[in-house]
Amino acid sequence: MARDRRRLRAWLLAGLVLAVVLALYEADRTGVGEPSAGPCPDSALQCPEPGHGPGPHPTSSPSNSPSSADPSAPGGPSPSASPAPPSASPSSPPAPGTGGAPPTGPCASPGACGFPDARTTGPRIGLERHDTGNMSVKTDGTVIRGWDIHGSLDVYANDVTVIDSRITSANWWGINLRPGYSGLRVLHTTITAVPGKGPDNGGVDYAVSNMGGSSIEVGWCDVSVFGNALSMGQGDLHDNYVHDIIAFRNQGGEWQHTDAVISGGGNKGRLTVRHNTLLNSVPVDQGASAAIGLFADTGSVSSVVVDGNWLAGGAYALYGGGPGATGIQVTDNVFSTQYHVNGGAYGHVTAWNEGGAGNVWRGNRTADGRPVVPAPAS
């Protein structure tokens, strides 16, 4: 009897071991024992398939639908209004090729050294054509996603998000946030214009303009043609590719000044310009000002961060705010010689107020690794 009980226990133990081995094999074969990947937020960071870096963007798929997408048109449908997706946390790891510390060695081109270019900006999904014309957005929380817009957006609403879209404008601007409104976010969007078709003698002025009273976010956007591409005194401009600015004469017959980023001063909040590729190839005799122009046109320039950008072109690549500028931090930027031997036609930087309270100049260099130091104020 005792022998039978021992034999039974041995068989039970052998069966248990066999069951455990089979379970482990099945888990390994099916992957159920691996931790699942976290969700990919569709609002900000690029999320390539495992093992693949950012690839070419899908081509848009135009439709022949009429321009009934204009929400201001009588009886016309409005853009899909859903809660705007949250911003990426500042502590989130950068997506491949779209963030991180700037390289310290020589850089042959923006994309080769991890700066934004056509591969890492613009929409990530296929687009549906919308011939909206110049459209006003008046519903708070509107989200426009996946639209190939032929027209411009005039925003009279709070917390509007434009994401994974394309805007081709023949108006003064691509997207304009009006005074009294806030919370605009423009992400993973191509913003361009039709040269010769704008209202200012065929020219167009602002890809994104912030006339509101608070910060806006513009990130991972591909911006071209507009004379003063990103125009604002406060905002968060990051991971954008601004290129192929087109020179034009304004209605007075004078060449329009051109800048990839422009601020007129007098701002109440902070302007952050971080990890962008900002190119201004316009000749100086046709109005080129800067890659980043911080001008005291409407008041003193203050509270600006210019960090980790690739800058090229303009009369000077950077205008630093002038004698009254304070709280200007210019750090770890690369000044390229792709248009001019000194970054801009006349030099890398001008109007830098070295003695201004809170002004910091650190780690800025040329594309071949030489330090860039502002000339003493005259």
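This is a predicted model: local features need pLDDT of at least 70, side-chain atom pairs count only at pLDDT 80 or more; totals for chains, interfaces and linings use all residues.
**Notebook: rings, a sheet and a buried serine**

I began with the aromatic rings and found Phe295, Tyr316, Tyr319 and Tyr346 linked into a cluster by ring pairs. Rings of Phe, Tyr and Trp (its six-membered ring) pair if their centres lie within 6.5 Å; planes under 30 degrees apart count as stacked, over 60 as edge-to-face and the rest as tilted. My search of the whole structure gave seven aromatic pairs.

Residues are numbered from 1 along each chain as its sequence is written, and side-chain values use heavy atoms, with hydrogens and water left out.

Next I traced an open sheet of nine strands, with parallel pairing and the order 2-4-7-10-13-16-19-22-25. Its edge strands, each pairing on one side only, are strand 2 (143-145) and strand 25 (360-362). From one strand to the next, the twist averages 5°. For the angles, axes are lines fitted to C-alpha atoms and run from 0 to 180 degrees between N-to-C directions. Strands here are DSSP runs (E, at least two residues), numbered from the N terminus, and two of them pair if DSSP finds at least two bridges between them.

I then zoomed in on strand 19 (residues 302-307) and strand 22 (residues 326-331), which pair in the parallel sense over five bridges. Val304 has Ile328 in strand 22 as its bridge partner.

**Ser165 and Ile163**

I looked up Ser165 in the loop between strand 4 (161-163) and strand 5 (166-169). Ser165 is buried because its relative accessible area is 0%, the cut-off being under 20% (1.4 Å probe, protein chains only). Its side chain reaches the backbone oxygen of Ile163 at 3.0 Å. Leaving aside neighbours within four places in sequence, Ser165 is in contact (heavy atoms within 4.5 Å) with residues including Pro123, Trp147 and His188.

Ile163 itself lies in strand 4 and also counts as buried, at 0% relative accessibility. I checked Ile163 against Gly219: they are 56 residues apart in sequence and 9.6 Å apart in space, C-alpha to C-alpha.

**The cores**

Last, I turned to the nonpolar cores, sets of buried Ala, Val, Leu, Ile, Met, Phe, Trp, Tyr and Cys residues joined through side-chain atoms within 4.5 Å. The largest has 56 residues, and Val218 and Leu230 are among those touching the most other members. Val218 is in contact with Leu230, and with Met232 and His238 among others beyond four places in sequence. Apart from this core lies another, of nine residues, including Cys113, Phe115, Tyr241 and Ala367.

Technical notes: Helices (H or I, at least four residues) and strands (E, at least two) are DSSP runs, numbered from the N terminus. Buried means under 20% relative accessible area, exposed over 50%, partly exposed in between (1.4 Å probe, protein chains only). A polar contact is a pair of N or O atoms within 3.5 Å; within protein, one must be able to donate a hydrogen and the other to accept it, and residues adjacent in sequence count only if both atoms are side-chain atoms.
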